[in-house]
Amino acid sequence: MSGDIVRTFFTAAEAYDRFVGRYTPALAVAHLEALGVRPEDRVLDVGCGPGAFTRAAADLVGPERVTALDPSPTFVEACRSRVPGADVRLGVAEDLVAAPVPFDVATSQLVVNFMSDAERGVRAMAAATRPGGVVGSVVWDYKGEMTMLRTFWGAAVALDPDALDEGRTMRYGSPDELQELWEACGLQEVATRPLVVEAAYEGFEDFWTPFLAGVGPAGAYCVGLDPDSQAALHDECHKRLGSPAGPFTLSARAWLVRGTRT
């Protein structure tokens, strides 16, 4: 993934919270449960963002047993503030070194597709994990039932067939693709499953406005449009959501993959 797209996450934590971040606290809880994290485990959170998964992990195992890293200085600062006591560092998965005391669980939430070298990143996560430990990840179902992004990109492609739809550009967006990656990285007992969460919106503008902050590929595409094209995209998204006049809720499906380090 290009550095330009990764830098779209070098933004205020609050902008991310209003965008896809409104789904991440619930996703983090489901993620922990699916990995089978235990209260005595040491956990590594790769690409922690503002800290939704870090917070959930700290609530389960204690902040002193959680290490998190992210390439965005603003997200690292937010995560440190939100999860006092956790070891939060600036960095990326690809540059991980073996931990002096290996982790029981190393995972990432919504990050694999933004690694510059996903195989290298997953191998590094595995190397930081003890033998018999769990290496996992969660990615959005970009092609299917992540309703927020699917609505946006469906509207964008209808107006601009050359729009870089994440359903087409994200290499690891299906269970088969994730399973293949995990097995290529030498992990055993690889399994995948769906996780489904929801987020509430006060109205359509609560859905639309976060795209204007330029967060992620969708936000970058939106802010790059001229005003007329942006207005047309606004109206097309509104139509595809059923022209809501009040509050509504959207579901979002993610794919989880987990494997065991030998």
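These are legends for several close-up views of a predicted model.

**View 1. The largest pocket.**
Let's start with the main opening, a pocket with a volume of about 680 Å³. It is lined by 45 residues, and the closest to the pocket's centre are Tyr16, Gly47, Asp70, Leu110 and Val111. Quite a few elements give two or more residues to this lining: the helices α2 (13-18), α3 (24-35), α4 (52-61), α5 (73-82) and α11 (216-223), along with the strands β1 (43-46) and β2 (66-70). Sort the lining of this largest pocket by class and you get 27 nonpolar residues, ten polar ones and eight charged ones.

**View 2**
Two elements, β2 and β3 (87-90), each give two or more residues to the lining. The top contributor is β3, with three residues. As for class, the lining of the second largest pocket holds eleven nonpolar, two polar and four charged residues.

**View 2. The cavity.**
Now for a space with no way out for the probe.

**View 3. Leu110, a leucine with a positive phi.**
Leu110 isn't a glycine, yet its phi is positive, about 65 degrees. Look for Leu110 in the loop between β4 (103-109) and α6 (118-127). Is Leu110 buried or exposed? Its relative accessible area is 11%, under the 20% cut-off, so Leu110 is buried. Leu110 also belongs to the group of residues closest to the centre of the largest pocket.

**View 4. Glu189, another positive phi.**
Glu189 is likewise a residue other than glycine with a positive phi, in this case near 50 degrees. You'll find Glu189 in strand β6, which covers residues 188-201. Buried or exposed, which is Glu189? Glu189 counts as exposed because its relative accessible area of 64% is over the 50% cut-off.

**View 5. Helix α12 from end to end.**
Helix α12 covers residues 227-240, 14 residues in total, and spans 20 Å from its first C-alpha to its last, close to the 20 Å expected. At the start of α12, a side-chain oxygen of Asp226 comes within 3.1 Å of the backbone nitrogen of Asp228. After the helix comes Gly242, with a positive phi near 90 degrees. Which residues of α12 are buried? They are Leu233, His234, Glu236 and Cys237. These buried residues pack against α7 (147-159), α10 (204-208) and α11.

**View 6. Glu236, zooming in on α12.**
Glu236 is part of helix α12. Although glutamate is in the charged class, Glu236 counts as buried, because its relative accessibility of 13% is under the 20% cut-off. What does the side chain of Glu236 join up with in a polar contact? Its partner is the side chain of Arg240, at 2.9 Å. Setting aside neighbours within four places in sequence, Glu236 is in contact with Ala155, Ala158 and Leu159.

**View 7. Trp140 and its surroundings.**
Trp140 sits in strand β5, residues 129-140. With a relative accessible area of 2%, under the 20% cut-off, Trp140 is buried. How far apart in space are the C-alpha atoms of Trp140 and Arg253, which are 113 residues apart in sequence? The answer is 6.3 Å. Leaving out neighbours within four places in sequence, the contacts of Trp140 include Val20, Tyr23, Leu27, Met146, Leu149, Gly173 and Val197. Also in contact with Trp140 are Ala252, Arg253, Ala254 and Trp255.

Terms used
Residues are numbered from 1 along each chain as its sequence is written. This is a predicted model: local features need pLDDT of at least 70, side-chain atom pairs count only at pLDDT 80 or more; totals for chains, interfaces and linings use all residues. Side-chain values use heavy atoms; hydrogens and water are left out. On a 1 Å grid over the protein atoms alone, a cavity is a set of points where a 1.4 Å probe fits but cannot get out, and a pocket is an open set with protein on both sides within 12 Å along at least five of seven lines; lining residues have an atom within 4 Å of a point. Grid points are joined across faces, edges and corners, and a volume is the space filled by probe spheres set on the points. Helices (H or I, at least four residues) and strands (E, at least two) are DSSP runs, numbered from the N terminus. The expected span of a helix is 1.5 Å times one less than its number of residues. Buried means under 20% relative accessible area, exposed over 50%, partly exposed in between (1.4 Å probe, protein chains only). Contact means heavy atoms within 4.5 Å. A polar contact is a pair of N or O atoms within 3.5 Å; within protein, one must be able to donate a hydrogen and the other to accept it, and residues adjacent in sequence count only if both atoms are side-chain atoms.
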